[in-house]
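Please look over the sequence and the structure shown here before reading on.

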Amino acid sequence: MEIKAPFYENFKFGQIYHLFTRVNGNELIFRKEDNYVYFLKQISKYLLPYLEIYAYCLVSQRLSLLVRFRPQNEIFNNLDLPERELSAEEEHKFLMQPVSNLLNSYSKAYNKMFQRKGALFIDYIKREKVDDEEQLKDIFKGIHQIPLQHRLAKSSEEWKYSSFKAYLDQNKPTKVSRNFMMEFFENTQDLIQFHKVN
């Protein structure tokens, strides 16, 4: 039996994961508003053909996403690739590549902007496979409460760089796939109340 280090699960098509990372030392991932906006654009470019985003939060020293990889045939259609069989290792590498591309592209732009060198992120992105409803809901809420934990906001609604506001206005266009998570709540008010309960 293969023993995996905690938070380094192999990626699989159709599976839900909590992805998270932080910076090296006391650096900041996001120093100004333009950095947040650029990172979100890069998420759209690199990740959306491969996955759906259910929740995200960006703060100065860390980022966290709740995602589900799309089925293989959907990804291959998005990328205009011919269908082929992949081993478990090939599958993981194929799905890891856009995540690596996202972090690398952001790091290069960041280093150029701030005239710095070296790694920005502490390690490979950590990933936690999500297997049950309670775990899913706990991570969903935890991601939206990151700004409160860091004393950056008094409520989830206040923080600009998270997916929480996308759930408050169901009519506003967003890259967040809201419908899946909304199935766990009666309505938006129920979702808001869930985030207030500790």
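This is a predicted model: local features need pLDDT of at least 70, side-chain atom pairs count only at pLDDT 80 or more; totals for chains, interfaces and linings use all residues.

Which residues does Lys137 touch, not counting residues up to four places away in sequence? The contacts of Lys137 are with Phe184, Phe185 and Phe194.

**Architecture**
- The protein contains eight helices and four strands.
- Their order along the sequence is β-α-β-β-α-α-β-α-α-α-α-α.
- The protein is as compact as a globular protein of 198 residues, because its radius of gyration of 17 Å is close to the 16 Å that the globule rule gives for that length.
- Along its principal axes, the C-alpha trace extends over about 45 × 45 × 35 Å.

**Packing and surface**
- Of the 198 residues, 45% count as buried.
- Among contacts between residues at least 6 apart in sequence, 68% connect residues at least 24 apart.
- The accessible surface amounts to about 11200 Å², and 48% of this belongs to carbon and sulfur atoms.

**Charge**
- The protein carries 29 positive and 26 negative charges.

**Lys137 in its setting**
- Lys137 is part of helix H4, which covers residues 133-144.
- Although Lys137 is buried, it has no salt bridge.
- The nearest side chain of opposite charge is that of Glu133, 4.3 Å away from Lys137, whereas a salt bridge requires a distance within 4 Å.

Technical notes
Residues are numbered from 1 along each chain as its sequence is written. Side-chain values use heavy atoms; hydrogens and water are left out. Helices (H or I, at least four residues) and strands (E, at least two) are DSSP runs, numbered from the N terminus. The radius of gyration is taken over C-alpha atoms; the globule rule is 2.2 Å times the number of residues to the power 0.38. Buried means under 20% relative accessible area, exposed over 50%, partly exposed in between (1.4 Å probe, protein chains only). Contact means heavy atoms within 4.5 Å. Accessible areas come from the Shrake-Rupley method with a 1.4 Å probe; for residues, only the protein chains shown count as cover. Lys and Arg count as positive and Asp and Glu as negative; His and the chain ends are not counted. The place of a charge is taken as NZ of Lys, CZ of Arg, CG of Asp or CD of Glu.
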